[in-house]
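Subject: Handing over a structure

Hi there,

Here is the structure I promised to pass on. Please have a look at it first, and then read my notes.

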Amino acid sequence: LGLHALQHRGQEAGGIVSFDGEHFHTERHVGLIGDTFTQRAVIDRLPGPRAIGHVRYPTHGGSLERNIQPLFAGFSGGGFAIAHNGNLTNAETLQDRLQRHGSIFQSTSDTEVILHLIATSRRERLVDKVTDALREVEGAYSIVCLSGKKMIGCRDPLGVRPLVLGDLDGAAILASETCALDIIGARFVRDVQNGEVVICEIQADGTYTIESVMPKVPRPERICLFEYVYFARPDSVVAGRPVYTARKRMGINLAREAP
């Protein structure tokens with residue numbers, strides 16, 4: 001339902017990776033969420049109380065089935081899934097370096113660059129591996145990751161793309177827009193800050209704790225104007241501003257400038 005509410009952000013394809021406590025399960029399909037993820041057989045193949053999902057709007061890597069997110073990989077510490085909204089401006093440079101050191105890429109998506117940077121980090125803790133990777137990438141990114149014990153949300157230092165934190169009956173939710181929280185009855189907690197990495201640590205009893213780190217120095221927020229013009233849904237709140245209200249104000253100013 002959350003992905004259905006975010007369908008306007010990408011109509012080419014969608015995917016979900018779930019975790020049942022022991023194993024990860026992946027379903028990625030071309031087309032709209034309603035075309036595949038409403039089927040009982042598909043949902044039955046995604047057991048478990050934790051999951052991340054993605055709707056694809058291709059900006060890098062082309063319209064290939066292997067580029068559908070979330071991407072999943074098996075690390076030395078266990079399974080790891082990642083979904084990314086944005087565009088990395090130094091992806092080709094990083095990919096070339098990684099390939100020269102032996103990395104093998106399965107997609108043409110810039111998101112896989114992040115996956116390889118995390119995998120090749122020499123740090124011990126997963127969170128440190130993620131922050132290591134983020135220090136190397138440049139561009140716009142809102143990222144959600146899922147491991148066996150954690151859900152991690154990341155936002156670039158300029159906050160170009162939105163990311164919000166919500167809560168549903170004691171469960172942590174991360175999403176691009178507040179409309180994804182509204183459709184499932186979740187409570188909006190706050191925006192993830194520009195440059196922030198939010199770590200939701202899942203406890204044995206199903207509750208979670210939240211840790212926040214800043215791997216890069218945050219800079220003044222430069223959220224993409226087209227979130228208000230085009231990307232975001234009118235009933236979402238982006239950076240504290242209702243999108244519908246922002247669009248009305250744009251119309252008022254446009255009328256003044258070009259009567």
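Below are some notes on a sheet and on a pocket.

This is a predicted model, in which local features need pLDDT of at least 70 and side-chain atom pairs count only at pLDDT 80 or more, while totals for chains, interfaces and linings use all residues. Residues are numbered from 1 along each chain as its sequence is written, and side-chain values use heavy atoms, with hydrogens and water left out.

The sheet is open and has 6 strands in the order β4-β5-β6-β7-β11-β12, with antiparallel pairing. Strands here are DSSP runs (E, at least two residues; helices are H or I, at least four), numbered from the N terminus, and two of them pair if DSSP finds at least two bridges between them. At the edges are β4 (71–75) and β12 (208–213), each pairing on one side only. β4 pairs with β5 (residues 78–88) over 5 bridges in the antiparallel sense, and L71 stands opposite I82 in β5.

Now the second largest pocket, which holds about 360 Å³ of space. (A pocket is an open set of points on a 1 Å grid over the protein atoms alone, where a 1.4 Å probe fits, with protein on both sides within 12 Å along at least five of seven lines; lining residues have an atom within 4 Å of a point. The volume is the space filled by probe spheres set on the points, which are joined across faces, edges and corners.) Of its 18 lining residues, F75, G77, G78, L126 and S147 are closest to the centre. β5 gives the most to this lining, with 3 residues.

Best wishes
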